[in-house]
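This briefing is for a reader meeting the structure for the first time. Please look over the sequence and the model before reading the points below.

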Amino acid sequence: MKKIIAANWKMNKTLVETKDFFREFKSKVNAQENCEIIICPPFISLTEAANECKNTNIKIGAQNCHYESSGAFTGEISAEMLCDIGVQYVILGHSERRKYFFETDEMINKKIHKALENDLKVIFCVGESIEIREKNAVNEFIAEQINSGLKGVSKENLRNVIVAYEPIWAIGTGKAINSESACCVARFIKKCLADNFGSETAVLYGGSVKPENANEFVKSSDIDGLLVGGASLKAESFAEIIFAVR
Ligand code: PEP
């Protein structure tokens with residue numbers, strides 16, 4: 001199976017910077033067939049990014065969507081709107097959305113259902129805080145996030161879900177988890193999905209991935225790819241991660 005390498009740009013890049021990125025990135029990774037590449041820019045750049053990626057092997061994802069189809073939700077974007085402009089993926093449950101925008105497991109579950117109803121593929125993020133890790137309660141915590149976040153999702157629909165394991169303490173800190181521990185949690189997530197949902201779901205690792213450590217994580221069959229934040233913002237370093245995975 002091809003590894004999946006996804007970029008989460010968070011709240012970074014203007015439209016002009018987005019165009020510049022794609023010009024450079026496409027010239028570097030042109031005809032790279034070794035992995036599935038997904039890039040998730042801010043909403044305002046999605047149309048441009050989707051156009052840039054027509055006839056390439058790069059897919060475009062959003063970083064959020066609302067759990068209702070339409071209506072009086074000022075400032076929000078629906079799954080249908082994303083689908084309409086050629087977006088294929090959406091990141092849901094990111095720890096920054098949980099922390100700064102008070103997203104609960106219940107809200108995330110509703111968003112996942114709505115995204116799947118609209119044929120979007122979901123990158124569903126889970127991961128523990130440092131306190132949970134120090135209490136040796138990682139598995140229980142992750143199992144709860146998975147069971148609540150995916151409640152009511154059918155085995156059939158789970159084919160369109162990728163789980164990203166992102167320990168919160170490793171995000172944007174430069175302190176990635178060691179690859180053995182990441183594999184251990186990825187295996188646990190797969191077991192949880194198999195036991196509770198009967199599904200075989202891809203699991204990515206995210207948290208301070210860079211060109212130097214990317215291959216460490218993906219060389220095991222437990223980890224199906226990477227979700228990359230900071231190091232995906234420069235075309236050169238994101239391309240280096242893709243090459244490292246090869
Ligand atoms: C992220 O926010 O999803 C992430 C993995 O960030 P970083 O790579 O910067 O740690």
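The model is predicted. Its 8 strands close into a barrel in the order β1-β2-β3-β4-β5-β6-β7-β8, with parallel pairing. Neighbouring strands of this sheet are turned against each other by 25° on average, direction ignored.

**Strand pairing**

- Strands of a sheet pair through backbone hydrogen bonds, either parallel or antiparallel.
- Strand β3 (residues 58-62) is joined to β4 by 2 bridges, in the parallel sense. A62 has V90 in β4 as its bridge partner.
- Strand β4 (residues 89-92) runs parallel to β5, and 4 bridges join the two. Here Y89 stands opposite K121 in β5.
- Between β5 and β6 there are 5 bridges, and the pairing is parallel. The bridge partner of C125 is A164 in β6.
- Of the 6 residues of β5, 5 are buried, so this strand is largely enclosed by the rest of the structure.

**Helix α7**

- Helix α7 covers residues 138-149, which makes 12 residues. At 1.5 Å a residue it should span 16 Å, and this agrees with its end C-alpha atoms, which are 16 Å apart.
- The buried residues in α7 are V138, I142, A143, Q145, I146, S148 and G149.
- The cover over these buried residues includes the helices α4 (95-100), α5 (105-117), α6 (130-134) and α9 (179-197). It also includes the strands β5 (121-126) and β6 (161-165).

**How α7 meets α9**

- Two packed helices are described by the angle between their axes and the distance between the axes.
- For α7 and α9 the packing angle is about 45°, and the axes are 10 Å apart. That angle makes α7 oblique to α9.
- The crossing of α7 past α9 is right-handed. On the α7 side the contact is made by V138, N139, I142, A143, I146 and N147. On the α9 side it is made by V185, F188, I189, C192, L193, N196 and F197.

**How α1 meets α11**

- Helix α1 (residues 15-29) packs against helix α11 (residues 235-245) at an angle of about 30°, with the axes 9 Å apart. Angles under 35 degrees count as roughly parallel, so α1 is roughly parallel to α11.
- α1 passes α11 in a right-handed crossing. From α1, the residues in contact are F21, E24, F25, K28 and V29. From α11, they are A235, E236, F238, A239, I242 and F243.

**Helices on the sheet**

- The parallel pairing of β3 with β4, over 2 bridges, belongs to the strand order given above. α7 packs on the sheet and touches β5 and β6, and its direction makes about 150° with that of β5.
- α11 also packs on the sheet, where it touches β1 (3-8), β2 (35-40) and β8 (225-228). The direction of α11 makes about 165° with that of β1.

**Loop residue L120**

- L120 lies in the loop between α5 and β5.
- Is L120 buried or exposed? Its relative accessible area is 0%, and buried means under 20%, so L120 is buried.
- L120 and E80 are 40 residues apart along the chain, and their C-alpha atoms are separated by 8.8 Å.
- Leaving aside residues up to four places away in sequence, L120 touches A79, L82, C83, V87, Q88, Y89, V90 and A115.

Notes. Residues are numbered from 1 along each chain as its sequence is written. This is a predicted model: local features need pLDDT of at least 70, side-chain atom pairs count only at pLDDT 80 or more; totals for chains, interfaces and linings use all residues. Side-chain values use heavy atoms; hydrogens and water are left out. The expected span of a helix is 1.5 Å times one less than its number of residues. Buried means under 20% relative accessible area, exposed over 50%, partly exposed in between (1.4 Å probe, protein chains only). Contact means heavy atoms within 4.5 Å. Two strands pair if DSSP finds at least two bridges between them. Axes are lines fitted to C-alpha atoms, for helices over the stretch in contact, and angles run from 0 to 180 degrees between N-to-C directions. Angles under 35 degrees count as roughly parallel, over 145 as roughly antiparallel, 65 to 115 as roughly perpendicular and the rest as oblique. A crossing is left-handed if the near helix is turned anticlockwise from the far one by less than a right angle, and right-handed if clockwise.
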